[in-house]
Amino acid sequence: MTSVLVYGAYGHTGRFVVAELRKRGFEPVLSGRDAARLPGGRPASVDDPASLDRALEGVAAVINCAGPFAVTARPVAESAIRAGVPYVDVAAEIEANLDTFELTAGTAVVPAMAFFGGLADLLATAAMDGWAAADEVHVAYGLSGWNPTAGTLAAGRVSRERRDGRRIRYAGGRLEYLDDALPALEWPFPEPLGTRPVLGEFSMADIVTIPRHLKVREVTSYLTADAAQSLAAAGERDAAETFVVEVVVRAGGEERRMVARGEDIYAVSAPLAVEAVARILSGRTRATGVAAPGEMFDAADFLRALAPHIVVEPR
Ligand SMILES: NC(=O)c1ccc[n+]([C@@H]2O[C@H](COP(=O)([O-])OP(=O)(O)OC[C@H]3O[C@@H](n4cnc5c(N)ncnc54)[C@H](OP(=O)(O)O)[C@@H]3O)[C@@H](O)[C@H]2O)c1
């Protein structure tokens, strides 16, 4: 059986990834920093590269689910590169994703292979099929709520610290940091959601995955205002949200839309990450080395493979 190391295996997302690997016929090898939570697994610390190298011995790929990725992405990815083993992570930290894009690898390295970052990149890539460039990409997240995990909140804190409390956006073909408040807007989601208040420029990892390989000067994310509020008033994660993600691409007066629907943004990150590993290990890739999800894979084909977890349709 093909074994895949899951770093951060006992975290909320890591557990979904372990279950999905088993379902898909892979052998998950459990890793993370706390030996007590890894009976029979391979404990390893990001401060001890040799321990990571030992954990990676004999596995075919690694999925990193341990965030903040500002701390874990580089050491785990570098260990994978040393071992010549593909690396996939679920990082939704813009600066950490950029750090990973800076690496040089002889093997596949795909950051942000999850709900935030990967999914919209695949949708935008599929929507732009046949276009050399777009003027604008808009990514609207319609969430019924958002009970974030401790890992999400920690990642958010680290990202805010890294940008000194400022916000970030991708406009005019570059990333820029701003001090003002996010614009309050409305987004006309498809039914049953309908038109909803959203926060504009609620930048997600999409602002780095998409421009990494698609020629576009504006990438803007939006999040339903309700979800942004529940994120601020975080408690226990006791309910799964439903989601509608709408991606709009515009070029020279032409517009295309793609919509993805599903439930539980953490759970669906597992089929995204595991599908990526399955494709890398079977050679169904379009790029080598470090690449964004939409750059590495045939986006339309990848999206079709996500059903029934995520259902995608042009609008
Ligand atoms: N892109 C997306 O859409 C998406 C989707 C899901 C998750 N994520 C990201 O994935 C990360 C994990 O989320 P989660 O929901 O699984 O959170 P979680 O349940 O709180 O789990 C966090 C995991 O990371 C581990 N960890 C934290 N710091 C570590 C370090 N320095 N070294 C080794 N392991 C460390 C934790 O281990 P300990 O318990 O030992 O600290 C735990 O296993 C977050 O950054 C989140 O933003 C992104």
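In which loop does Val59 lie?

Guide: Val59 sits in the loop between α2 (49-55) and β4 (61-64). Keep in mind that this is a predicted model.

Is Val59 buried or exposed? Its relative accessibility is 7%. The cut-off for buried is under 20%, so Val59 counts as buried. Now look for Glu27. Val59 and Glu27 are 32 residues apart in sequence. In space, their C-alpha atoms are 9.3 Å apart.

Pro68 lies in the loop between β4 and α3. The peptide bond that leads from Gly67 into Pro68 is cis. Its omega is near 10°. Most peptide bonds are trans. There is another cis bond to find, from Glu191 to Pro192. Here too omega is near 10°. Pro192 belongs to the loop between β10 (184-188) and β11 (195-200).

Next comes α3, and with it the ligand. α3 (69-83) supplies at least two residues of the shell around the ligand. The largest share comes from α6, with four residues.

Which residues come nearest to the ligand? They are Tyr10, His12, Arg33, Phe116 and Thr149, out of 27 residues around it. Sort the shell by type and you get 14 nonpolar, ten polar and three charged residues. Domain 1 (3-115 + 267-310) and domain 2 (117-263) each give at least three residues.

Now zoom in on single atoms. A backbone N or O atom of Phe116 is 2.7 Å from an oxygen atom of the ligand. A polar backbone atom of Phe115 is 3.3 Å from a ligand oxygen. Arg37 uses its side chain: an N or O atom there lies 3.5 Å from an oxygen atom of the ligand. How much of the ligand does the protein bury? Taken alone, the ligand exposes 920 Å², and the protein buries 86% of that.

The core takes at least three residues from each of domain 1 and domain 2. In soluble globular proteins, nonpolar side chains tend to be buried together.

Two aspartates come next. Most residues other than glycine have a negative phi. Asp164 has a positive phi, near 50°. The residue lies in the loop between α6 and β8 (167-171). Look for Asp264 in the loop between β14 (254-263) and α9 (269-281). Is Asp264 buried or exposed? With a relative accessible area of 11%, Asp264 is buried.

Go on to α9. Ser269 lies in this helix. Its relative accessible area is 6%, so Ser269 is buried. Which distance separates Ser269 from Ala114? The two are 155 residues apart along the chain, yet their C-alpha atoms are separated by 4.4 Å.

Finish in helix α11 (residues 299-305), where Leu303 is found. Leu303 has 4% relative accessibility, so it counts as buried. Leu303 and Ala126 are 177 residues apart in sequence. C-alpha to C-alpha, they are 8.6 Å apart in space.

That brings the walk back to its starting residue. Val59, like Leu303, counts as buried. Val59 is 9.3 Å from Glu27, C-alpha to C-alpha.

Note on methods: Residues are numbered from 1 along each chain as its sequence is written. This is a predicted model: local features need pLDDT of at least 70, side-chain atom pairs count only at pLDDT 80 or more; totals for chains, interfaces and linings use all residues. Side-chain values use heavy atoms; hydrogens and water are left out. A residue is near a molecule or strand if one of its heavy atoms lies within 4 Å of it. A polar contact is a pair of N or O atoms within 3.5 Å; within protein, one must be able to donate a hydrogen and the other to accept it, and residues adjacent in sequence count only if both atoms are side-chain atoms. Accessible areas come from the Shrake-Rupley method with a 1.4 Å probe; for residues, only the protein chains shown count as cover. Ala, Val, Leu, Ile, Met, Phe, Trp, Tyr, Cys and Pro count as nonpolar, Asp, Glu, Lys and Arg as charged, and the others, Gly among them, as polar. Domain bounds come from an automatic or database domain assignment. Buried means under 20% relative accessible area, exposed over 50%, partly exposed in between (1.4 Å probe, protein chains only).
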